[in-house]
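Please read them with the sequence and the structure open beside you.

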Amino acid sequence: EKDRFLGWPANNGLWHWDNGREILVGFTNGNFEEQSGHNIGKEQLSSLARSKDGGHTWVREDPENFVGDDGEIKPSPGNIRFGHPDFALRVAATGYHGTKDRLGRFFISYDRGKNWEGPYRFNNLNEDANLEGMALTSRTNYRITGENSIQVFMSARRRDIEFGSRLDKTFVAESIDGGKSFHFVGWAVPWTDQFRAVMPSVVQTQNGDLVMALRRRNPRNNEQTCWIDAFFSKDDGNSWSFLSRIGDTGLNNGNPPGLAILKDGRLVCAYANRSLNQFLMRSSMDGGSTWSKEIIIRDNPYTYDMGYPQLLQNNRDELVILYYIATEQRQQSYIEAAIVSNY
């Protein structure tokens, strides 16, 4: 779109229904301004795009009462039907484009993201001693565990004299009472770990284990390559252990992962390497313990400012990977969907 900067699907969320036939993806929409860092101005809106044919064609949407519309934040009312077949949840917090809310908030929809309720607070969560003095930096990633229960994979940071705002860690929050209250379950990566660990993408394998891919960075050294790690949980997210290193994401703050599980049980992880200027994916046949060679999905972008993927397997068994990119032909960043077959 001329004179607009469109970016960061991983910051905004992905939802799908009907076996991946209908897909909804969020993205940030701002005015294009050439400058150091991201070429986006102060206007940074949260938008949506919907596909009803498995990702082949898309229609843009801008629903009312959504992220950035400055609705009154209320305590969560409870009685949320997480198991509703057309349910969607959108998390907003601080530390990324379009939202500044250190306490965090969320929106819900019962009609596949056409209409949204909220914003609501995560009742009781910020009062937990584990989060004392911290700001939530959560994106949207969650797992429905029952009609009235949900796990939300969130992150928080503390202002550190040495590391500044780049040392934040992922934790698991849970509600078992229809959203009336949320409680802290545990850190996915302990604070004794000295690296950033954020933007989780979580799947459940066929044996019931949870696998989480995390964006990693050394906040003490901007010249060290960033990377993606995998962690696993055998107790429904209560505790986590290191599983494998998935791949490198380069310099310039690296990139978050998009992780999906296929119908045949394979895991697929997509990410951008901002030093190689490539968008990549790897697959695993053993639950994330080992990974295949990297496959190049997209290369030769106009700028390293690319990636932040979301992905899923659609109703045709194709892999749909959504990300942002700029090219020599389109030098203002836009959202692109790659359709991968025979993988």
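1. In this predicted model, an open sheet is built from four strands in the order 6-9-8-7, with mixed pairing. Strand 6 (74-75) and strand 7 (88-92) are its edge strands, each pairing on one side only.

2. Within that sheet, strand 8 (residues 105-109) and strand 9 (residues 117-121) run antiparallel and are joined by two bridges. Phe 106 stands opposite Tyr 120 in strand 9.

3. Asp 101 takes part in a salt bridge with Arg 105, with the closest N and O atoms 2.7 Å apart. Arg 105 counts as buried because its relative accessibility is 14%, and Asp 101 counts as buried because its relative accessibility is 6%.

4. Asp 101 also meets the side chain of Arg 121 in a salt bridge (2.8 Å, N to O). This pair links distant parts of the chain, 20 residues apart: Arg 121 is in strand 9, and Asp 101 is in the loop between strand 7 and strand 8. Arg 121 has 22% relative accessibility and so counts as partly exposed.

5. How many salt bridges are there in total? The count comes to 19. One of them joins the side chains of Arg 112 and Asp 18 (3.0 Å, N to O). Here too distant parts of the chain are linked: Arg 112 is in the loop between strand 8 and strand 9, while Asp 18 is in the loop between strand 2 (14-17) and strand 3 (22-32), 94 residues away. Arg 112 is buried, at a relative accessible area of 15%, whereas Asp 18, at 42% relative accessibility, is partly exposed.

6. Arg 216 belongs to strand 16 (residues 210-217). Is this residue buried or exposed? Arg 216 counts as buried, because its relative accessibility is 4%. Setting aside neighbours within four places in sequence, its contacts include Val 189, Asp 193, Cys 226 and Trp 227. The side chain of Arg 216 reaches the backbone oxygen of Phe 195 at 3.5 Å, and one of its polar atoms lies 3.3 Å from the backbone oxygen of Arg 196. From Arg 216 to Asp 248, 32 residues apart in sequence, the C-alpha to C-alpha distance is 9.3 Å.

7. Gln 310 lies in strand 23 (residues 307-313) and, at 14% relative accessibility, counts as buried. A polar atom of the Gln 310 side chain lies 3.2 Å from the backbone oxygen of Pro 9. Not counting residues up to four places away in sequence, Gln 310 touches Pro 9, Ala 10, Gly 13, Leu 14, Val 320, Ile 321 and Leu 322.

Definitions and conventions
Residues are numbered from 1 along each chain as its sequence is written. This is a predicted model: local features need pLDDT of at least 70, side-chain atom pairs count only at pLDDT 80 or more; totals for chains, interfaces and linings use all residues. Side-chain values use heavy atoms; hydrogens and water are left out. Buried means under 20% relative accessible area, exposed over 50%, partly exposed in between (1.4 Å probe, protein chains only). Contact means heavy atoms within 4.5 Å. A polar contact is a pair of N or O atoms within 3.5 Å; within protein, one must be able to donate a hydrogen and the other to accept it, and residues adjacent in sequence count only if both atoms are side-chain atoms. Two strands pair if DSSP finds at least two bridges between them. A salt bridge is a side-chain nitrogen of Lys or Arg within 4 Å of a carboxyl oxygen of Asp or Glu.
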